[in-house]
Structures are given as C-alpha cells and as structure tokens.
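Hi,

Here is the model I promised to pass on. Have a look at it first, and my notes come after.

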Protein chains: 2
Amino acid sequence: MTTATITGSMLIGSTALRGGDGDLYAVDPATGERLDPAFGGGGAAEVERACALAGQAFDAYRETGLEQRAAFLEAIAQNILDIGDALIQRAMAESGLPRARLEGERGRTVGQLRLFAQTVREGSWLDARIDPAQPERSPLPRADLRQRQIPLGPVAVFGASNFPLAFSVAGGDTASALAAGCPVVVKAHSAHPGTSELVGRAVQAAVASCGLPEGVFSLLFGAGSRIGTALVADPRIKAVGFTGSRRGGVALMRVAADRPEPIPVYAEMSSINPVFLMPAALAARADALGRAFVASLTMGAGQFCTNPGLLLAVDGPDLDRFLASAAEALDGSAALTMLTPGIHAAYDEGVAALTGNASVETLARGTACSGPNQARAALFATSAAAFLADPALQEEVFGSASLVVRCPDLATLRTVAERLEGQLTATLQMDADDAAAVAALLPVLERKAGRILANGWPTGVEVCHAMVHGGPFPATSDSRSTSVGTAAIKRFLRPVCYQDLPAALLPEALRDGNPLALWRRIDGALAKA
Amino acid sequence: MTTATITGSMLIGSTALRGGDGDLYAVDPATGERLDPAFGGGGAAEVERACALAGQAFDAYRETGLEQRAAFLEAIAQNILDIGDALIQRAMAESGLPRARLEGERGRTVGQLRLFAQTVREGSWLDARIDPAQPERSPLPRADLRQRQIPLGPVAVFGASNFPLAFSVAGGDTASALAAGCPVVVKAHSAHPGTSELVGRAVQAAVASCGLPEGVFSLLFGAGSRIGTALVADPRIKAVGFTGSRRGGVALMRVAADRPEPIPVYAEMSSINPVFLMPAALAARADALGRAFVASLTMGAGQFCTNPGLLLAVDGPDLDRFLASAAEALDGSAALTMLTPGIHAAYDEGVAALTGNASVETLARGTACSGPNQARAALFATSAAAFLADPALQEEVFGSASLVVRCPDLATLRTVAERLEGQLTATLQMDADDAAAVAALLPVLERKAGRILANGWPTGVEVCHAMVHGGPFPATSDSRSTSVGTAAIKRFLRPVCYQDLPAALLPEALRDGNPLALWRRIDGALAKA
C-alpha cells in the first residue's frame, strides 16, 4: 500500500471508477457536516460489470490452494494495517465512534482475517468424506464415493453501519466468503464510504499482489434499494451476507426468494437480547448488577446487535433495588453521538413511542444531549401482562434503550420467554440457588437464541471457533448459521460427491494418500492417515 | 407389531383417527381399480392437533440420550420388517412396482434407519466445540465458550410417490429428522395410503415402546394443496422435507418464505441428469454404452429422480453407433406400469410435446402398451442450437424418456453444459484419452450438480457417508444439503453457543471430561480426549 487516497471511486475488479448516479457524501454525525470527497453512486452497468468479473473469477479462485488462499487473507490484513492512522481518522469522522473503539475494531478485523487464514489452512471445512468401493459386495457392488465442500459462487456482501471495519468491506462476511472460495461484491454502507474505499483498496491490492483474478473483489456505492436489489437479483450472485435492519433484511430475503434461482440470504437483523435477572442473583447483588447492566446498555451508544434491550425479572424489592441502581447509573450516563442522522432519528422515534405508551413507565433517562445526533439513554418498565398483550413492545429500538418486564412469578417469566421472537443472545444473571429455575428455562432459551450466557453481558462477541452470532428469525434469516467465528465459513459451501472418478481427476482433498493432511471421514470414521 | 391392519385412519400422536374430508382411495395402476379401504382426509383440526403434539414433544425428544434415540430408529426398522409380506403386497398393489424392487426398497429403508442409528451414536453431527476461558488474556479476558448443534424443531415430511418406502413415511427425510431430534409430521402421498398407514403404525408403535412422547410422530392424509399448505404454514413446524414435482416444491417454498417466521425447505424436485458421452469412450464402446444407457433409462419405468433424461455428445459416426444400439434396445423394452394415472398422463403429455416439436427427432419408442398406465419408453434427438434456443427442452419428463443433444464439437458441448439448470447428477462416459476434455468440463459440472460420476449410470443412489443427493435449483431448493446419506442429518440442526454456563447446566456433549466420548473441536483442533 502506498498513500491512503480517497477518490470517491468504486472499485470494480482491478479498476477504480467514479459512478454517475449523483454525488453522495459522508456526514460527520458529531457535527452534521458533510465530508469530502463526493462519491458517485453506481448503476446497473456497474453491478453487471462487477458480477460478470466475479463469475469469471470463480472457477480459478475456488481452486486456489489452501496456502495461497490463506496468504491472500493475510495480505488483506497487512494492507489494512498499512493504511495507518488515516483509516482510523476517516472512520472516526464518518461514524462518530471514538479512536480507542476503532483501533480495537481494526484489531478485530485483522485478527478475523488471520483466523480465517488459519481455518483455510487447517481444511476441516472441506468435510472430506471417502466411502471406498466395495466391488465384492452382494447383491450389488458399491462404487467409490468421495465428497467435499465447494464454494457456492460469488457472494454479495452489504456493509453494516455499526462496525465500519469489522462488519463492513473486509469484515466477517467478506472474510468468511473469501475463505470459502467465493468472490465477493461489496455494497458499501453509505454512512462510511471513505472508510470503505480505503479498505476496498487494501483488498484490491491484495488481489493483485497475490496474482488472483481481478473479479475476486469489487466494491460498489449507491442506494441499497437500487443497486443492492440489482446485486441480489443478479444470476451470478449465489449468496448474500447482510447486517442491518429487519426491514432491509426482509426486503433482500424477498428479492432472493423471487429469483428464477432462489439463493441463500444470511441477514443479521433484529434482536432485543433478553436478560433474565434470576431471584437469587438479584437478592445477592442487585446494586452491582444495575450498574453493570447500564455499562453494557450504554456502551457505544447502544449500537450493538447484542445490546440488552429487554430485562425480565420477578417483581419485588430486589428488582426495585436493581432498578434504583440502574436508574442512578443511567442518570449520569453521557449522551453519545450515534452513527448517522437516520439511526439517531429512528432511536428518538422508538424512545418516543415507548414514552408515549400508556402501559410503559419511564424509569430514567441519561444526560441531556449537547450536540447533534446524540443518543440519550433510556430505561423503561412495563408489566408482563402489558408486554404479552402488545407485540410492539418486542420491537428493537437500536440504541441505548431498554425495557424491564416485571413478572409476578417465575412461571410468568417463563411464559414471557416463550413468547419472545428469535434472538441473537439470552443472558442469565444467576447464582447457585437459581440453578433449578434456570434449568427449567434453558430449553426455552435454546429454542429462542443462538447464544446463552451466564453472568456476563451480551455485548462483546468473541471471534473464535465456538461462537454463535445468529439465531432464529428475526435475529437472522437463517438460524442454521453464525456470522461471527470460524463456523461462518460453512454458510458459503455446498457438498459435491464424486463417484468412481479417475484418480487423476479427483480434487486434491479427496485423493488417496491424503496429500493435504486433512481430517477426513473414511467409511464414516474420522481419520488423518 | 401384531397384525397388519389398514383401517383408513390418520395417526395423530398415539391415536388413530378417521379424517372427515371425503373418501380417498388408492388405485391399483396396473388395473385402474380402486383399493379398499377408504381413507378420510384430514383438515385444519388434525394439522393443529398433530403440530401441537409435535411442539409439546420437542423439548423432551431432543434431549433423549444418543443411545435411546438410536434404539428408537432401530425399533422402527424392526417394526417395519415385522409387518412382513402384507407390506410388500400392499405396496405392490398401490404402486405397480414389482416385488423384487419393493423388497429391495424395504431393505434400503431399514438399512437407512439403522445407518442413522449408528450416526446418532457416533455423535460427530453435534459438532461440539469448546474454546476454554482465558481469564488472563489482555486486554480483555476470554469467556468459556462452547457450541453444539440442536435440532430445529418439528419437521413436516411429504412422502414421495416413487419410493413408497424409502422416501415416504419412514424414509430418508423422516429418518434424518428423527435422528437429529426433530418430531415429524408426515403428509402421506395419496398414491399409497395403505402402505403409509402400515409404516406409520410401525413408527407409532416404536414411539410407544421406546417411552417417547406421542407427538414425536404423526401421519396425515389429504390433499397437498390443503393440509400440506396448512402444515408448512403452522408456526410449530420449523423445517420441511419434500420429494416431488417442481411445481409442488416451489409452492411449498413460497408458503415457507411467506410465513411470519420463514423456515428452511428441503425440496428435491426436478433433474434431467445429463450424461456426457466423451469421444474416446464413444469410439471404444458405443454399442455397449447404448445398451447400458437404455437399461438405466427404462429401469422402474424411468421413475427415478436420477433418471438419465439428457445425453450430450459430439455428433458423428460413433454417436450414430451409440444411437443405433440404444434404439435397438429401446425397441424391445417392455412398457411398464407407472405409479399413478396422474404420473402416466404427465409422461404421455411430455412425450407428446417432444414428439410434436419440429426441432426434435424421435429416434425410438419402446414396445406398445398392453395395459393401463403404462409408459412406453422414448428416445429423442435434437441439435445443440435447437436445445440452446428452447428452454422447454430442459424440462423434466418424469419417466423413461430421454433427449440426445448432438453437439458439433466439444466447445459447444461445454456451452450446452454451462446453460443447464441445476442437477442432481452429471455422468461422464469417458476413457483415458478423454481426461483432458473432462478436466475442462469438470468445473462446470461441479457448479451444476451435486454428484458427478464416471462410467456408471446415475440411477442407484448409495446410502452412505459420502453420498450427495442434492444440487443447485431446481434439482433441489437448497444446494447446501443432501437428502440421502448420513450428511442429511445436518439439514435439521442449528448451532447454539453457551458462554460461561455453570458446568452442571451444560449439555452432556459439552461437559469437561467428554462423557459422550465425542470428537470435539477444542480451541479449533479436533480431539477425542
């Protein structure tokens, strides 16, 4: 990488190209001012070109060796680091997020790419299976049957607003799709086009330096409702990764389902991440829990998919102590700048709806705002009966707002849990004496959420092998998957079986002698020999 | 099992219940006569009852131990065998299929259940992953994170007409869903209700003898457009298994996508299973290939999902020899009874459309029919140009009809392959001298098909670990899956992560000390310690 230039261009294969559809600017949410340069939005021609290149690149890219593909992911990581502070500065200006958060997020992004490089090298994701021929079997011989996973094809990735690095141009969706062997066409989020171009150029440079076909990566700007829809509808696109609103995700699911050839959509959309304050824990440490809860709620202005937007507890003096402690912490919490004017407006609207709801009590508000686009934290309470009667109370308010549901007893708390929509997470604050009640609740939580955590807070999603960042609809469009962690690679794969194929034509992963030293399933038994 | 009684009843949980919606009869396709008894079709009330029971059974059934669940699958297999010859006789009368085929299919069905029992016991499908806590990690400690797969929930299974045992009430979809821990509600195929009731009672008895909740299995009769749709729309149903027509599968995909909570549909629908006759193979053994092809084409009146409905070859004297040999074999092939009057009518319609197509030549027809509902085999030919110009020539004609596409050269053959829709299989007839041409074709075939086979025929699908019976749309609705073989269990699972959950509350699969002796991924590395 040389100097960090932001030109306002889309990156289509090896070229940089200014789109002709209007002048789009990033806005600094902390000041409301627009940031140079102008970005030209793309149209049908650019979608066509990017998808055509991706389609052309697919067969070559998917057969790159494991080492070459891993080195490519590592080159992207290094190129991102090499942009240096210009990337952090631009991301700060475009997102309103503080330096420390963005430096941490860069570390996460780079670490994620490197973890997928390790995953590619290890090769278990190929799920190689061999059932050797049984020529003497009676009444019929068995053929030689071998299976591996191959990538689905070019993937459309939609950058998320709330992780301008870790879930955007070279974020988790892109890293896992590239790891699987899929070319990627990114639709940049309009909130951080400059950050997107910088990172996009880092990927583009890695494609070139690794000698890969240019179509492995393209980056488009423009309105999601136009070029996003065109991208998902393009016949060369075979899967979609998206992080954003429920409305946006559902719209893409519809486009994908209506194609002549429907394709999978991995949309991470909406979750209120219920926290269950169990009685013994509440009795033992209501004050501390109240403070810790507010710290999780207000972190990053509450702009996390796993923000704790719902608390459930049995009503009584212990809950009152928790709420008093939380209200006190919230009263003193600073108003923080949100990512975009649009997100800020939606937050204020959501808070106003709760404030105006006759069955909802406002328990506390954070410090008043002192600048544009700031979120003033909010804590509300309602009864279990009111919550069960009004589905609107389950709607996500993206930002630092949370609703406490006062339940008359544990049975009602379980009923409320049973009526929740799908979630990314469910959190238990519990002590040893809560074990029996938690055991009764766990089956419900397993059906509702992708991750169940005890005595922590849902914000903070570890990138590792056992993570699940996913869950039943509407948390995601496909509960069979995770968008964080190494298992995310599975989203972009499908199995192919080879029957009696001559040895010389078999893919390396399936050859006799196991030249890639993979874990393979031979006649059903795992082996590495 | 005691005696094999067919009463015309649906099986809802532990009860048998005669539906009130009309009198449905099976028809013996060989005679056109209807078979006693009458079956009452179900309605909304029975769908509601079956789904409610399935929902109630789910939490208990999904936490059965691996051994208990495996024993249940084995009990179903034994109960099916214990029905004895009454099952074979009824299936023969309802399907027109010969005894040997149905006895073989029973063996396959029972073997499939037993293989899934082994798979359940082995436990790798739980994909257990543990990333131990790192309390000293800087700047942030890592929590203890553990992941396993859990079942999706109750599954709706639609019995297939063409495998009244192996892909019907206790067939592959049911076996894999039960193995995963999902209760099953079967919508019986109307062509073989008596066979369905007999097998359904075998499953029902196994549920009882194994002490499982009654809702683990129910069996409904009625029109797919009514109770089938209601079943897929029921909120307690979390996935669908279907084998049948493209129209039927696409209709169910639509219902599933339009639910408030969309769910996965595994529909195996339509495939013409292209066979590529490569030049050296054709030169070496055109006559033998022609005869072997007709044997595969006409087996079971061509009523297999993997029936070879398309042949591609370079035009010339070798192809002419192949066609002469195939035509001779086809001329003498007996007309065979098809499964239902409806399937027979659709076959005749498809053959008539090809016969009447000006760009299609009729090369040969089988022996004239001698009874009702018989399929007279048919072999057609067309040019590559005509094939590329007319998408209708890619439509599946279910039965023993096949179309040869004469290509001027190998480049055109590859172009035709590139234009094919998704397929279950792609077959290569090849000799050593064809290796280079096949290598150029393989990437296309991998993108188009779930199984690629050399020097065999696509009919005959081994039930094993490496099999893929699936493929890109419209072969199936979800190319990421297989409906045959042990990997089919993955269709009905989703991951759940447990973070810092107290040891006593962890599922057994994830406990320290590995009490189930599973292969697990510890910090990313497979281990059984």
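Below are my notes on the domains, the chain interface and a few local features.

First, the ground rules: this is a predicted model, so local features need pLDDT of at least 70 and side-chain atom pairs count only at pLDDT 80 or more, while totals for chains, interfaces and linings use all residues. Residues are numbered from 1 along each chain as its sequence is written, chains are lettered from A and ligands numbered from 1 in the order in which they are written, and side-chain values use heavy atoms, with hydrogens and water left out.

**Domains of chain A**

On contacts (heavy atoms within 4.5 Å), 18 residues of domain 1 of chain A touch 15 residues of domain 2 of chain A. The two domains bury about 1,200 Å² between them, with 58% of that on carbon and sulfur atoms. Buried area here is the accessible area (1.4 Å probe) that two parts lose on being put together, summed over both. Pro29(A), Asn162(A) and Glu268(A) supply 36% of what domain 1 of chain A buries against domain 2 of chain A, more than any other three residues.

For salt bridges, the rule is a side-chain nitrogen of Lys or Arg within 4 Å of a carboxyl oxygen of Asp or Glu. It finds one across this domain interface. There are also three residue pairs in polar contact between the domains (both at pLDDT 80 or more). A polar contact is a pair of N or O atoms within 3.5 Å; within protein, one must be able to donate a hydrogen and the other to accept it, and residues adjacent in sequence count only if both atoms are side-chain atoms.

**Chain A against chain B**

How much area do chain B and chain A bury between them? The value is about 5,900 Å², 53% of it on carbon and sulfur atoms. In this interface, 74 residues of chain B are in contact with 74 residues of chain A. The chains share 16 salt bridges and 46 residue pairs in polar contact (both at pLDDT 80 or more). The elements giving two or more residues to the chain B side include helix 1 (44–62), helix 14 (435–448) and strand 21 (493–499) of chain B. Helices (H or I, at least four residues) and strands (E, at least two) are DSSP runs, numbered from the N terminus.

There is strand pairing between the chains too: strand 20 (residues 449–454) of chain A and strand 21 of chain B run parallel over three bridges, where pairing needs at least two DSSP bridges. Ile452(A) sits opposite Tyr498(B) in that strand of chain B. As for charged pairs, Asp59(A) and Arg447(B) meet in a salt bridge at 2.8 Å, N to O.

Over all chains the salt-bridge count comes to 74. Within chain A, Arg148(A) forms one with Glu63(A), their closest N and O atoms being 2.8 Å apart. This pair links distant parts of the chain, 85 residues apart: Arg148(A) is in strand 6 (residues 145–151) of chain A, and Glu63(A) is in the loop between helix 1 (44–62) and helix 2 (66–83) of chain A.

Most residues other than glycine have a negative phi, and most peptide bonds are trans. Against that background, the peptide bond from Ser138(B) to Pro139(B) is cis, with omega near 5°, and Pro139(B) lies in the loop between strand 5 and strand 6 of chain B. The bond from Phe473(B) to Pro474(B) is also cis, again with omega near 5°; Pro474(B) is in the loop between strand 20 and strand 21 of chain B. Lastly, Ala301(A) has a positive phi, near 55°, and belongs to the loop between helix 9 (279–298) and strand 13 (310–314) of chain A.

Cheers
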